[in-house]
Amino acid sequence: MRASARIATATAAAALLIGCVSGPAASKPESSKAEGEKVLVFSKTAGFRHDSIPDGIAAVKELGAANGFTVDATEDAGAFTAANLAQYDAVIWLSTTGDVLNAEQQTAFEDYIKKGGGYVGVHAAADTEYDWPFYGGLAGAYFQSHPAIQPAKVQVEDHAHPSTAHLPGIWDRTDEWYNYRSNPRDRARVLASLDESSYTGGTMSGDHPIAWCQDYQGGRSFYTGGGHTKESFADPAYRTHLLGGIRWATGAAQADCRTEKGYTPIFDGTAASLDAWKQAGPGSLELNEADGTLTTVGGMGMLWYDGAKELGSYSLKLDWRMDGDDNSGIFVGFPASDDPWSAVNNGYEIQIDATDVPEKTTGSVYGFKSADLKKRDKALNPPGEWNTYELRVEGERLRIYLNGVKINDFTNTDPARSLKDGHIGIQNHGADDQVSFRDIRVKDLPARTASGVGR
């Protein structure tokens, strides 16, 4: 597989954490276009045939031309050989139906996925290959039934994935809404689900995923239930949704597609969710309820969470985006204070900064431990795109995950500091820095014991 273009992290002179900035951010967000990827659109049908297939093929070709990836299209299952598949970064199963591959072709596709290939399933891709367990796991769920075409409300659950980053919290659209034989939530990261009370004919007891992603046996799998109608492929929001899924499946964009359960939102994009937060310092973060984000404004400062208790053993997840060569970070393990320097002196910062020395750039524990730069660079999306951090604190151990990839593993040995309790906060580094945050959530983890992590 061809490696996707990645940002090289430059080494620059170190800047003080909060006290000064090396200069205004002058760089522009980099292009989101994939460079050099190649995809195959496969639309063979052995059952019902959707009349939207030609529109779907045309849309993918247009997206490829506009976003720098090459598109081939076929209905010939003979394309599924090891030699032929090796040239593609992803295969898009566009409303395929029934049994479309023989045993030899199935083996070739399984090997392709296991070697890192990408899969994009569109709509009736879930109505395909019912007797091939590998495919069922890859797609995530099989089709069961559907009601009439009608409008429904789509609830976006993950705003960091490139297929959903552009969408509002509730996406109103019309399509043919599939019911599935099983719920993929235990196996995949659900990106969007249907509000079954908003339409007639849903049969999944109120938990109705409609788009999801997963890492599967070495490869990447993205599925969207939309795309029955011809109109879908002319809808800019749906086209961007499909483009994001393709970019993630090819490896041109990164996202955390691990399953996620048990997290409590502590900032959900609403003003009400900020009631438990406090501002320290003159700078602040500006709320935009339209897109559910907080963006740094003004001078130096920190917004910190003053919940009912200090956090001890926990997983903290949040999404962040920088506009250019900007600077911010997330602080953990510091005492309550109206002075942002208290967090600097008593806690630890997980850095967000495109250009600095290794121990002070994105993914580092600022001033203490650099991220694994090779893993970090491979997992990192460029300025202008969303990234997800998971900060996993257990005892004095802090692990940092970027878009689902572990990039740092730090253990505190400083008796003057401790990660075992404290607060979390998001930093406003300075007036020239533009960094946005959203979907901040936390989950308690079992307390760490002398013999290891408790259960």
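**Ground rules.** I am reading a predicted model, in which local features need pLDDT of at least 70, side-chain atom pairs count only at pLDDT 80 or more, and totals for chains, interfaces and linings use all residues. Residues are numbered from 1 along each chain as its sequence is written, and side-chain values use heavy atoms, with hydrogens and water left out.

**Helix 3.** I began with residues 103-114, which make up helix 3. Helices (H or I, at least four residues) and strands (E, at least two) are DSSP runs, numbered from the N terminus. Helix 3 has 12 residues and reaches 17 Å from first C-alpha to last, close to the expected 16 Å. The expected span is 1.5 Å times one less than the number of residues.

I then looked up its buried residues. Buried means under 20% relative accessible area, exposed over 50%, partly exposed in between (1.4 Å probe, protein chains only). Among those in helix 3 are Ala 108, Phe 109, Tyr 112 and Ile 113. What do the buried residues of helix 3 pack against? Their partners include helix 2 (82-85), strand 3 (90-94) and strand 4 (118-122). Contact means heavy atoms within 4.5 Å.

At the start of helix 3, a side-chain oxygen of Asn 102 comes to within 3.1 Å of the backbone nitrogen of Glu 104. Just after the helix, Gly 116 has a positive phi of about 105°.

**Val 91.** Val 91 is buried, at 0% relative accessible area. Leaving aside neighbours within four places in sequence, Val 91 touches, among others, Phe 109 and Tyr 112. I had noted both as buried residues of helix 3. Gly 118 is another contact of Val 91. The C-alpha atoms of Val 91 and Gly 118 are 6.2 Å apart, though 27 residues separate them along the chain.

**Helix 5.** Next came residues 236-250, or helix 5. Its 15 residues should span 21 Å, and the end C-alpha atoms are 21 Å apart, which agrees. I find 12 of the 15 buried, so helix 5 is largely enclosed by the rest of the structure. Among the buried ones are Tyr 238, His 241 and Trp 248. At its start, a side-chain oxygen of Asp 235 lies within 3.1 Å of the backbone nitrogen of Ala 237.

**Strand 7.** In a regular strand the side chains alternate between the two faces of the sheet. In strand 7 (residues 170-175), Trp 171, Arg 173 and Asp 175 form the covered face, while Ile 170, Asp 172 and Thr 174 form the uncovered one. Lys 153 stands opposite Asp 172.

**Salt bridges.** How many salt bridges does the whole structure hold? I count 26. A salt bridge is a side-chain nitrogen of Lys or Arg within 4 Å of a carboxyl oxygen of Asp or Glu. One joins Asp 175 to Arg 173, at 2.6 Å between the closest N and O atoms. Asp 175 is buried at 0%, and Arg 173 is buried at 8%.

Asp 158 and Arg 189 also meet, at 3.2 Å, N to O. Asp 158 lies in the loop between strand 6 and strand 7 and Arg 189 in strand 9, so the pair ties together parts 31 residues apart in sequence. Asp 158 is buried at 6%. Arg 189 is buried at 6%.

Notes. Polar contact = N/O pair within 3.5 Å; in protein donor to acceptor, adjacent residues only side chain to side chain. Pairing = 2+ DSSP bridges.
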